[in-house]
Amino acid sequence: MSARRTGGYGPSAPTDESPGSSPEAAIAVHTLTSAAKDLIEGAFPPLWVRGEVTNFKAHRNGHWYFSLRDAEAQVNCVIWSSAAKRIPAQPDEGMQVLALGQMTVWPVRGDLQFSVRALEAAGDGLWRKALEQTRLRLEKDGLLDPARKRPLPAFPRRIAVITSPDGAAMHDIITVSRSRSADVELVIIPAKVQGDGAPESLVAAIEQLCRWGHADLLIIGRGGGSREDLWAFNDERVARALASCPMPTISAVGHEVDISICDLVADVRAATPSAAAEMAVPSRRELMGRVDSLSKRLAAAAKRREDRAVASLSQVQKRLSIAAQRVVERRRARVELLAGQLNALSPLRTLARGFAVARAPEGATLSRRNQFVSGAPFDLWLRDGIVAATAGAQRPLPDGISSSPDLPTDGPPTLERA
């Protein structure tokens, strides 16, 4: 109820005037803007609006301010920080977008504005932009370098799995792992994989695993879903946490056609969680087949090595036999040469040519006339025997005949042949 003035400055009486219908029934500015807000919000339900982004500004408190325009009009827009966190990237100036929101009035200033709850670019522009920006930052820091990729352990004993405890991915990983080997231990680290808080939950799970540090391998992922459902695995915080993991990692996000930032950062990307389990857990049957194959290859290699060794030994024996024969022949030739030389120098050869050698009874060779004493006995050695003789008178050699070289004086002449 409003009051009607009765005149002067006395008290006013009750009146039937509506608020703001007269100076006396004036309302506050805040009441006006709040009423306008209620009226406009009641008249316009949430709806999608198409337009071009202009005058975009991101405030330090996390709110986004911009305008949507077309050829004939424009409207001021706001995206509060709580809603901005769910939008993958800031829109570019001039980008055509679809905005879901509601017309409202900001009571503080009385401005008409469109409060945006969701924003999509034509096609998947915003999602692609956010993905590319994250990829470029990670690439700049070397986290996408193929050289940093680590090989998976051949025989892991304990595998950590980060995924939703209620999802099909965990069931698939457990089923495939158990069918391939019952000896591998699986450690499930539950995490939220979609929606608000999913990136923080995944980062916390990875950090928990790193602090524990007793796993040989990490599988992180989830089953299929929409682009929004998988978006937590494109979060830069999750990617950096995964890159810092001390053990090899497998990323298995969505289906084969889905590629996430975690897939690019992980050491190995699996098309599905089931494929990740197949990569991580060696099959007992496959191992036995590999062992059998390796045994056969090893036996064949040993046989080839043995055959080569036998052939090589045979060649060495032949070469040694030939070399030894050559040595024997060279030494035989040398001995024969020396024997010929010795035979040529032998006193017996001298005797064979018609000469004689005089020797004293004690065996000393008498090669000079002053060694003979008249009447003394001596032996005369001929080519076919020995003649006992007695020394007579001495006389020199006839003129024109020179003395011959001294004959050996070290015992009876002998001839040795090798």
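View 1. A search of the whole structure finds 0 disulfides, a disulfide being a pair of cysteine sulfur atoms within 2.5 Å. The model is predicted: local features need pLDDT of at least 70, side-chain atom pairs count only at pLDDT 80 or more, and totals for chains, interfaces and linings use all residues. Residues are numbered from 1 along each chain as its sequence is written, and side-chain values use heavy atoms, with hydrogens and water left out. The cysteine sulfur closest to that of C210 belongs to C245; at 4.2 Å, the two are too far apart for a bond. C210 counts as partly exposed, at 27% relative accessibility, whereas C262 is buried, with a relative accessible area of 0%. Buried means under 20% relative accessible area, exposed over 50%, and partly exposed in between (1.4 Å probe, protein chains only).

**View 2. The whole protein.** The protein has 11 helices and 16 strands. Helices (H or I, at least four residues) and strands (E, at least two) are DSSP runs, numbered from the N terminus. Of the 418 residues in the protein, 33% are buried. The accessible surface comes to about 26300 Å², and carbon and sulfur atoms account for 55% of it; areas come from the Shrake-Rupley method with a 1.4 Å probe, and for residues only the protein chains shown count as cover. Among contacts between residues at least 6 apart in sequence, 59% join residues at least 24 apart, where contact means heavy atoms within 4.5 Å.

**View 3. The five-stranded barrel.** In the order β3-β4-β5-β7-β6, 5 strands close into a barrel with mixed pairing. Neighbouring strands of this sheet are turned by 55 degrees against each other on average, direction ignored. Two strands pair if DSSP finds at least two bridges between them. Strand β3 (residues 47-58) pairs with β6 in the antiparallel sense over 6 bridges, and G51 stands opposite V97 in β6. Strand β5 (residues 74-79) and strand β7 (residues 111-121) pair in the parallel sense over 2 bridges. Helix α1 (residues 29-43) lies across β6 (96-106) and β7, at about 135 degrees to β6. Axes are lines fitted to C-alpha atoms, for helices over the stretch in contact, and angles run from 0 to 180 degrees between N-to-C directions.

View 4. β6 and β7 pair in the antiparallel sense over 10 bridges. The two strands form a hairpin with 4 residues between them, and G110 in the turn has a positive phi of about 75 degrees. The bridge partner of G101 is V116 in β7. S115 also lies in strand β7, where V78 stands opposite this serine. At 16% relative accessibility, S115 counts as buried. Leaving aside neighbours within four places in sequence, S115 is in contact with V78, W80, L100, G101, Q102 and T104.

**View 5. Helices α5 and α7.** Two packed helices are described by the angle between their axes and the distance between the axes. The axes of helix α5 (residues 198-212) and helix α7 (residues 236-243) come within 9 Å and cross at roughly 10 degrees. α5 and α7 are therefore roughly parallel to each other. Angles under 35 degrees count as roughly parallel, over 145 as roughly antiparallel, 65 to 115 as roughly perpendicular and the rest as oblique. From α5, P199, E200, L202, V203 and I206 meet R237, V238, A241 and L242 in α7.

**View 6. The buried residues of helix α9.** In helix α9 (residues 273-280), the buried residues are P273, A275, A276, A277 and A280.

View 7. An open sheet with antiparallel pairing is formed by 4 strands in the order β14-β13-β15-β16. β14 (365-366) and β16 stand at the edges, each with a single partner strand, so one side of each is left without a neighbour in the sheet. Strand β15 (residues 377-382) and strand β16 (residues 385-390) run antiparallel and are joined by 6 bridges. L382 has G385 in β16 as its bridge partner, and W381 has I386 in β16.
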